[in-house]
Amino acid sequence: MDRYEQTRAGMLGDALKSTRNLHRLVITVSLITLLFSSSLDLPRETIQWKSLVDQLIEADFLAYEDFVEEKVAEFMQANLAPIGTNVTGKLEALNLPVFNLHHVGDVLTKPIHVGKIEVRELPLSEVSAANLVSLDALNGLELDREVQVLVPQTKDLVEKISDYLHDVGETGRRVDEVRVGVDVFDEAAQSFLPGESVTPSLSFELHDTVTLGSIPIFSALFTAKIETLQNTSFLHWINRELGGSPIVRIEDGNITFLPTLTRLPKGYREEKLGLLSKALAGDVERAGPKNLSASILGTQVPGLLIIYASPTILLFLAYYFMQHSAHLSKIVNDDPSTFRQFAWLPLAVQSAVRIRTNGRKSIQLPAWLLETITTVIVLPVLALTVLYFQLHQFGGLTLLHTVFIAGSAVGIAYLGTRAIRAINAVRGKMSFSEGSAE
């Protein structure tokens, strides 16, 4: 073999080796991408915990106050307003020279006292600052007790006011500063009253047009019945608003918050829920791509950059592999025997793979074609697809990321198809030259 032939054989060998190396790099980068994607283990239990904690934090328990206010307003309109109107009518029927007698009736149209769970005084008023231990302690309150409203019994009260006004109700005087109240049964975070009735007090001042001396003050006790409003307890409201929700469970008159969180690490139940949510978010983030990296072609690539690095590298490798394959198809006729002797599966494999379809029918595919399609198209596209979905579950991917990966996958498939056509052309020329030699 003269020097020219040796040089030409060396160039052909270099071209074949370069193409084979590019093929191997496509496989290598695809496998590295797949391995990196597989290492992204989404902590689903921790994410579920955080979701439940956040749902509990976002729950508006203060809405119970609005619910009670609405129910009390309905009761007031139906039951207390007529009482106040009746008292005003009876006092004005006395025909005394005293102004503002309607102020007494007006104050009785409003609830003297509402017995209920005081949510504003509970940890539920700011759930993010509460912990599960303090929420469990709420079961010490009468959560299943219905809202109470006092209904004044005014017959004796009107008689007392009438007698008083006849004694001191001079012309020109006016009723002012009407007050009504009851000694509240004092218990933190709830204002329920014991028994079936209580004894509130009512007082008012009688002002003169020009006050020269002391101001007469009326004060008297009267009876008020304790009425309960059905289906207004805190537990009933919770069951109506959050029944079936995973953040609460009501059982035997007790309420359990986040009942499914039974395997929380030690100390988490004592942690404020706002801080607990942040801690769980940190646990999720530590399992995500930010804290991982991959070595691609000797370069350590941070996890979040993999979404750009892998598609870019695979796309360029596919492009150069296609160009080298096309170049091989142009130079194969220079020395077909060198191509036949070169150890590279797309050129060396001669067998076929039989694939059964239906019944006895089957198709035959050249083994080299199946192998090349798998390694040049299927493997890199699969790697990018798995990478995308693994990163997507951690969130933060944008439309740009989606378009970039999808575009790279389409480009790789197109370039791979062109490379396979070039390899097929090389094999065809190799077979033709072998047949001609025979």
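**Contacts, helices and rings**

User: What does T372 touch, not counting residues up to four places away in sequence?
Analyst: T372 touches P346, I377, I420 and I423, with residues up to four places away left out. Bear in mind that this is a predicted model.

User: Where is T372 found?
Analyst: T372 is in helix α12.

User: Buried or exposed, T372?
Analyst: T372 counts as buried, because its relative accessibility is 0% and the cut-off for buried is under 20%.

User: Let's stay with α12. At roughly what angle does its axis cross that of α9?
Analyst: Roughly 170°. The two axes come within 11 Å. Helix α9 spans residues 306–331, and helix α12 spans residues 367–392.

User: Roughly parallel or roughly antiparallel, then?
Analyst: Roughly antiparallel, because the crossing angle of α9 and α12 falls over the 145 degree cut-off.

User: Which residues make that contact?
Analyst: On α9, the contact is made by I306, I307, S310, P311, L314 and F321. On α12, V376, P380, L384, L387 and L391 take part.

User: And by class, how many are nonpolar, polar and charged?
Analyst: The contact of α9 with α12 has ten nonpolar residues and one polar residue. No charged residues take part.

User: Switching to aromatics. How many pairs in the whole structure?
Analyst: A search of the whole structure gives twelve aromatic pairs.

User: Take F204 and F218. Why is that pair stacked?
Analyst: The ring planes of F204 and F218 are at 25°, so the pair is stacked; the cut-off is under 30 degrees. The ring centres are 4.9 Å apart.

User: Where do the two sit in the chain?
Analyst: F204 is in strand β6, residues 201–207. F218 is in strand β7, residues 217–221. They are 14 residues apart, and the pair links distant parts of the chain.

User: F204, buried or exposed?
Analyst: F204 is buried, at a relative accessible area of 1%. F218 also counts as buried, with 5% relative accessibility.

User: What about Y388 and F389: stacked or edge-to-face?
Analyst: Y388 and F389 form an edge-to-face pair. The planes are 80° apart, with 5.4 Å centre to centre.

User: And is Y388 buried or exposed?
Analyst: Y388 is buried, with a relative accessible area of 16%. F389 is exposed, at 54%.

User: Which residues do ring pairs link into a cluster?
Analyst: Y64, F67, F234 and W237 are linked into a cluster by ring pairs.

User: New topic: V87. Which helix is it found in?
Analyst: V87 is in helix α3, residues 63–92. V87 is buried, with a relative accessible area of 1%.

User: What is V87 in contact with, leaving aside neighbours within four places?
Analyst: V104, G105, L108, T154 and V158.

User: And what separates the C-alpha atoms of V87 and L101?
Analyst: Those C-alpha atoms are 9.3 Å apart. Along the chain, V87 and L101 are 14 residues apart.

User: Zooming out: how many helices and strands?
Analyst: The protein has 13 helices and 14 strands.

User: What share of the residues counts as buried?
Analyst: 43% of the 438 residues count as buried.

User: And the accessible surface, what does it come to?
Analyst: About 23,500 Å² for the protein. Carbon and sulfur atoms hold 53% of that surface.

Methods. Residues numbered from 1 in each chain as written. Predicted model: local features only at pLDDT ≥ 70, side-chain atom pairs only at ≥ 80, totals over all residues. Heavy atoms only, no water. Axes fitted to C-alpha atoms, helices over the stretch in contact; angles between N-to-C directions. Helix = DSSP H or I, 4+ residues; strand = E, 2+ residues; numbered from the N terminus. Parallel < 35°, antiparallel > 145°, perpendicular 65-115°, else oblique. Contact = heavy atoms within 4.5 Å. Nonpolar A, V, L, I, M, F, W, Y, C, P; charged D, E, K, R; others polar. Phe/Tyr/Trp six-rings, centres within 6.5 Å; stacked < 30°, edge-to-face > 60°. Buried < 20%, exposed > 50% of the residue type's maximum accessible area, 1.4 Å probe, protein only. Areas by Shrake-Rupley, 256 points an atom, 1.4 Å probe, with all protein chains shown as cover.
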